[in-house]
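Here is a short report for a first look at a protein model. Keep the sequence and the 3D view open while reading.

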Amino acid sequence: MSGRFIAVVGPSGVGKDTVMAALADRDPQFALVRRVITRPGDAGGEDFDGVTEEAFATRDVAGEFALSWSAHGLRYGIPARVDDDIAAGRTVLANLSRSILATAQGRFARLEVIVLTAEKSALAARLQARNRESADQIARRLARASSPIPEGVRKHIVDNSGPLDQTVDAVLACLYPVRA
């Protein structure tokens, strides 16, 4: 049986990478995808491969990405090797932008989306704490916090305002309803 591609989406500061890491710690069936991003590798935050615009474009044209998109003035890529994990029956977790979900749905036969939400005050506090954006950039990110999910995409909405273990339990109940 082939695996699944689980896209984790939500506004900046909602804790996508933290929740994904906790899911992988809880269940070895999950494979975390390390994104390729056009920002310096020492920029902090998530675990990613930082590349130049030129290197990204070269890799994109060469077909090295299963998905690629632009957001927040950066380019993002999901390495094509995710296909190997899915073929091996693993469940792949990737931090995606809502803007690429329709493409992902056409690309992966077994796509599900975890939409993480949190109270706006919690998002603002988390964004300020990571100290990567100006107040204006944070305001723009918060304004985009409720962008819609494309029609027909299988999605599960999970609130990440509370304790991490509670969020992980909720995500696992969505993905494995028989276990719950």
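The report covers the basis of the model, its strands, its cores and its helices.

## Basis

This is a predicted model, in which local features need pLDDT of at least 70 and side-chain atom pairs count only at pLDDT 80 or more, while totals for chains, interfaces and linings use all residues. Residues are numbered from 1 along each chain as its sequence is written, and side-chain values use heavy atoms, with hydrogens and water left out.

Helices (H or I, at least four residues) and strands (E, at least two) are DSSP runs, numbered from the N terminus.

Strand E8 spans residues 111-117. Six of its seven residues are buried (under 20% relative accessible area, with exposed over 50% and partly exposed in between; 1.4 Å probe, protein chains only).

E8 runs parallel to E1, and five bridges join them. (Two strands pair if DSSP finds at least two bridges between them.) Val8 has Ile114 of E8 as its bridge partner. E8 also runs parallel to strand E9, residues 155-159, again through five bridges. There, Val113 stands opposite Lys155 of E9.

## Two cores

A nonpolar core is a set of buried Ala, Val, Leu, Ile, Met, Phe, Trp, Tyr and Cys residues joined through side-chain atoms within 4.5 Å. The largest one has 27 residues, and Phe5, Leu67, Ile78, Leu96 and Phe108 touch the most other members. Elements giving two or more residues include E1, E5, E6, H3 and H4. E5 gives the largest share, four residues.

Another core lies apart from this one; its 24 residues include Val8, Leu116, Ala124 and Leu142.

## Helices H1 and H7

H1 (residues 16-26) and H7 (residues 164-175) pack at an angle of about 70 degrees, with axes 10 Å apart. Axes are lines fitted to C-alpha atoms, for helices over the stretch in contact, and angles run from 0 to 180 degrees between N-to-C directions. The two helices are therefore roughly perpendicular (65 to 115 degrees).

On the H1 side, the contact (heavy atoms within 4.5 Å) is made by Thr18, Val19, Ala22, Leu23 and Arg26. The H7 side includes Leu164, Val168 and Leu172.

## Helix H5

Which residues of H5 are buried? In this helix, residues 120-130, they are Ala122, Leu123, Ala124 and Leu127. Helix H6 (135-143) is among the elements that cover them. Just after H5, Asn131 takes a positive phi of about 55 degrees.

How values were computed: Angles under 35 degrees count as roughly parallel, over 145 as roughly antiparallel, 65 to 115 as roughly perpendicular and the rest as oblique.
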